[in-house]
Amino acid sequence: MSLGELARPLTIYWDLTPLPAISPDYTRICHHIAAIKPLQLHLLDCGPALDQTCFSILEQMRGTPLAVVLTTVPNNISEASLDRLHNLGLRGLLLYAASCAELAGITAIRDDVGGRFATGIAFQVNHGNWQELPRVVTFCLEHGISSLTLPMQRLYGDEPAFTLAAQEQATLTELLARLDYSALRLTIHDPFLWRAFNPTTPFPGGGCQAANTMLAISPDGTVYPCPTLPLALGNLHTSTLTEILASAAKIDMRKMLRELPEACGDCAELHQCRGGCRGRSYVLQGSACSLDPACERSVN
Amino acid sequence: MRRIQRNPDVLWREEDEQRDQARNALEQGDDAEDIATSLLFNNGVMLSLNILGTEIWKLCDGRTTEEIVAELLTCFEVEEDELSADVTAFLNELATKGFIRYGE
Ligand code: SF4
């Protein structure tokens, strides 16, 4: 049975950093989130120290069925913060890195984390580091880390959009083929990166899930369909999440995203790729209805 | 007799609107098989269940298959043998995917 269109998302991505000039009302946002009963809340706090805000959000969500996963940098993790996060009911911890050098810090704290939460690595892929991915995989295998996430890019900010060109995808596939990472749980949102890791397994998910199974909240309280699609649906200073979900902007957004890019035409990959990353198309091509620039067809 | 427990790591949610829609369909004698009334999420795997699947899922609280079937017979008009076969197959599928566990 297909998931179809949902009235409420399953996952909310809420980025707390970089800290905004004017902080939103965090308590109010927590109430908005609880009201729409998502299953998962992904908090991102990669500031120089875990902010008090992060702990108070966890405090408010404690005792609800919502599973909270925190992504933060290894430097923010100490024995004391781990205890505190554990006591606040954190379900998962992802340690953020954007280079192999940053992974070194993770070795030191892995044993401290041990067993308290599901723990993994969130490796942010970009133009400068995609070739490090086989080393990241090796690192996970050698250090008993069972989960590797390649997070969605935050394109509502000023992060440059990353695309893996067809030739690069082939190179990466070749490098990864030398490793056995079948025991590693991979979370990959980009269909083209997915293919490099899983050349024979179709990309799961049934097409772009922006504003359907997921929603994203940026540090200033703006709500986006997905962290990668910077088309704002509203702001939590002035609206509730329930209002945003019922809004014409959200309904029209879903209508647009359900239509596949015309340029995909009769592509043989259509059944699994479903038009690639629509946020990247929007940022790099100016329209979420254009072809994903990571697709070979966009070059030809 | 094996008792069945939901995997506590599974995140799940019943969709109120769709459940009402499915109930209305059943009351009017229509087919509700394709209406997803709940969503289950575990380890990156998502399942959507129809109203019968959802009711079975909710009964996985330490009961045996026989107890689940007996409970469902009070709510759904189906032949016991047919229901029992469907429930067993469905539970086996949930167990294979790690959504439930069989205990003692
Ligand atoms: S043409 Fe469209 S469906 Fe085919 S691979 Fe490219 S983006 Fe994906």
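The notes below go from overall shape to surface and charge, and then to the nonpolar cores.

I note at the outset that this is a predicted model, and that everything below is to be read as computed from it.

Overall shape. I counted twelve helices and ten strands in chain A. I then looked up the radius of gyration of chain A, which is 19 Å and close to the 19 Å that the globule rule gives for 300 residues, so chain A is as compact as a globular protein of that length. For the extents, I found that the C-alpha trace of chain A spans about 55 × 50 × 40 Å along its principal axes.

Contacts and burial. Taking the contacts in chain A between residues at least 6 apart in sequence, I found that 69% of them join residues at least 24 apart. I also checked burial, and 53% of the 300 residues of chain A count as buried.

Surface and charge. The accessible surface of chain A comes to about 13100 Å², and carbon and sulfur atoms account for 53% of that area. Chain A carries 21 positive and 28 negative charges, whose mean positions I found to lie 7 Å apart.

Nonpolar cores. The largest nonpolar core has 78 residues, and the members that touch the most others are Trp14(A), Ile33(A), Leu41(A), Leu148(A) and Phe197(A). I followed up Ile33(A): leaving aside residues up to four places away in sequence, Ile33(A) touches Ile12(A), Trp14(A), Pro38(A), Leu41(A), Met61(A), Leu66(A), Ile217(A) and Leu241(A). I also recorded a second, separate core of 25 residues, which includes Ile56(B), Ile68(B), Leu94(B) and Ile100(B).

Notes:
Residues are numbered from 1 along each chain as its sequence is written. Chains are lettered from A and ligands numbered from 1 in the order in which they are written. This is a predicted model: local features need pLDDT of at least 70, side-chain atom pairs count only at pLDDT 80 or more; totals for chains, interfaces and linings use all residues. Side-chain values use heavy atoms; hydrogens and water are left out. Helices (H or I, at least four residues) and strands (E, at least two) are DSSP runs, numbered from the N terminus. The radius of gyration is taken over C-alpha atoms; the globule rule is 2.2 Å times the number of residues to the power 0.38. Buried means under 20% relative accessible area, exposed over 50%, partly exposed in between (1.4 Å probe, protein chains only). Contact means heavy atoms within 4.5 Å. Accessible areas come from the Shrake-Rupley method with a 1.4 Å probe; for residues, only the protein chains shown count as cover. Lys and Arg count as positive and Asp and Glu as negative; His and the chain ends are not counted. The place of a charge is taken as NZ of Lys, CZ of Arg, CG of Asp or CD of Glu. A nonpolar core is a set of buried Ala, Val, Leu, Ile, Met, Phe, Trp, Tyr and Cys residues joined through side-chain atoms within 4.5 Å.
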